[in-house]
Amino acid sequence: MRWLRFALLILAVTVLQKGLLARWSSKPDLLVILLVFFAIYYNTSEAIISSFTIGFAADLVGSPMPMGPQMISFGLFGTLLAYLHRVIAIKKMPYQALAIFVTSVLTGVLTHLLAYITGEPVAANIFAVVFVTSLYSSIVGPFLFLPTAWWMRIKMSRFSRR
Amino acid sequence: MARKQTKISRRMLFTWFILTGFIFLFAPQNFTSKFQLAFVHVFRWPLSIGGNLALTARTQQPLTGTVGRSEIQNRNYITTLEETLDEERKKFKKLYGLYNTYVWEGTDFALADVITAKVEGSRNELTIACRKTNGLTEGQFVLGDNSIIGTISDVSSRTASVKLFTDPTSRIAVKIGELDIKKWMQGNGNNTAKIPLVSIQHEIKKGDKVIARKNAEFLDGPVIIGRVARLKRDDKDPLFWDITVEPACDIEQLEDVAIIIMNSQK
């Protein structure tokens with residue numbers, strides 16, 4: 001893993017998510033897309049580190065939600081996806097889209113559940129928001145894998161199970 | 001000399017990270033929110049550029065017959081003035097002979113630029129860059145296009161968070177239209193708010209103005225906050241209205257806001 005490139009990528013995407021995309025009502029979650037990318041393209045140890053780091057970045061721009069829920073949920077499901085990828089290779093775009101959708105729904109639900117435990121209110125439309133965001137992410141996500149792979153200097157044929 | 005490489009097992013790595021996550025989760029929020037505000041403060045320039053790009057992309061030319069933003073501003077200003085005048089008349093009647101002060105007298109405003117806006121979705125918040133931070137505290141009301149949009153929820157050096165009145169944790173005392181009854185407006189998320197427990201005996205109609213009531217600490221007079229967007233009988237209790245309120249201005253389009261600072265030392 002090229003960690004400097006990883007840090008720059010996460011920083012840029014985090015700023016993009018908080019600045020440009022924040023004003024859109026329905027938008028993809030770019031950080032979840034990256035979570036799935038690193039979970040299926042890198043080895044398990046790197047996937048664990050990147051999942052928690054992306055979760056931390058999501059928490060940084062998750063205000064007014066408290067910090068912590070996204071770090072835990074991204075880390076947990078990123079790690080699970082990395083282990084799952086050792087058994088089932090997620091090669092084709094429809095499977096990648098499905099992986100993004102399921103991961104996005106699970107991280108969204110766990111994030112709001114953890115926030116609720118700490119006393120945060122849960123809005124009535126939360127499941128609709130999570131569903132729509134997951135849907136957008138799964139549509140856009142697989143197309144972003146190619147530029148991300150180029151930036152991270154990895155070959156797209158790198159789909160081997162680890 | 002060969003470099004000694006420390007090997008950490010995946011299980012250990014996972015345990016340490018998840019522990020860190022739980023420490024953040026259960027740490028006091030006023031402490032962890034400083035990290036969030038610090039991030040926005042450090043990256044305020046690219047964040048505001050991104051926000052402006054989004055605004056430019058979303059801004060459409062007003063069609064003939066539609067209400068423009070400046071017209072909304074003027075309408076909100078006039079409504080607030082009318083309410084203030086009405087309030088002042090009532091005061092004048094009560095305190096016979098006493099000359100009341102104008103609503104904004106003794107009030108200062110802190111102007112701030114909007115860095116990020118989270119208007120849709122489950123939580124509604126603005127992050128703003130304040131040009132002056134003297135006198136800013138939690139709970140102060142924030143004006144956007146001459147209408148109340150929310151209250152200050154967190155302040156750090158030159159950056160602050162605004163909890164919009166549509167956020168589910170927001171609760172503001174309001175009055176509806178001409179009715180002189182005090183009700184609490186609760187944020188609903190997704191850029192709307194609800195006013196519960198209003199009896200159907202009260203005559204309310206769609207489009208009625210919703211006014212933030214004066215508050216001894218932070219607001220010295222009534223100011224428009226929104227308008228009744230939807231009105232129907234409550235499904236759970238048909239003796240009450242189910243009132244949905246929308247902001248009096250387009251919060252997504254705001255580029256700057258003003259914080260009301262009462263009793264400031266000029």
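These legends describe close-up views of a predicted model.

**View 1. Helix 4 and helix 5 of chain A cross.** Helix 4 covers residues 69–87, and helix 5 covers residues 93–117. Their axes come within 8 Å and cross at roughly 145 degrees. The crossing is right-handed. Helix 4 of chain A brings residues including A:Pro69, A:Ile72, A:Phe74 and A:Leu81 to the contact. Helix 5 of chain A brings residues including A:Thr103, A:Leu106, A:Leu110 and A:Ala115. The contact residues divide into 10 nonpolar, five polar and no charged.

**View 2. A:Phe101 and A:Phe131 form an aromatic pair.** The structure holds 15 aromatic pairs over all chains. In this one, the ring centres are 5.7 Å apart and the planes stand at 90 degrees, so the pair is edge-to-face. A:Phe101 lies in helix 5 of chain A and A:Phe131 in helix 6 of chain A, so the pair ties together parts 30 residues apart in sequence. A:Phe101 is partly exposed, at 21% relative accessibility. A:Phe131 is also partly exposed, at 45%.

**View 3. B:Phe24 and B:Phe35 pair edge-to-face.** Their ring centres are 5.8 Å apart, with planes at 85 degrees. B:Phe24 sits in helix 1 of chain B and B:Phe35 in helix 2 of chain B, 11 residues apart. B:Phe24 is buried, at 16% relative accessibility. B:Phe35 is partly exposed, at 34%.

**View 4. Ring pairs build a cluster in chain A.** Its members are A:Trp3, A:Phe6, A:Phe37, A:Phe38, A:Tyr41, A:Tyr42 and A:Phe145.

**View 5. Arginines sit over tryptophan rings.** The charged end of A:Arg153 is 5.2 Å from the ring centre of A:Trp150. B:Arg171 lies over the face of B:Trp184, 4.5 Å from the ring centre.

Key
Residues numbered from 1 in each chain as written. Chains lettered and ligands numbered in written order. Predicted model: local features only at pLDDT ≥ 70, side-chain atom pairs only at ≥ 80, totals over all residues. Heavy atoms only, no water. Axes fitted to C-alpha atoms, helices over the stretch in contact; angles between N-to-C directions. Helix = DSSP H or I, 4+ residues; strand = E, 2+ residues; numbered from the N terminus. Left-handed = near helix turned anticlockwise from the far one by under 90°. Contact = heavy atoms within 4.5 Å. Nonpolar A, V, L, I, M, F, W, Y, C, P; charged D, E, K, R; others polar. Phe/Tyr/Trp six-rings, centres within 6.5 Å; stacked < 30°, edge-to-face > 60°. Buried < 20%, exposed > 50% of the residue type's maximum accessible area, 1.4 Å probe, protein only. Lys NZ or Arg CZ within 6 Å of the ring centre and 35° of its normal.
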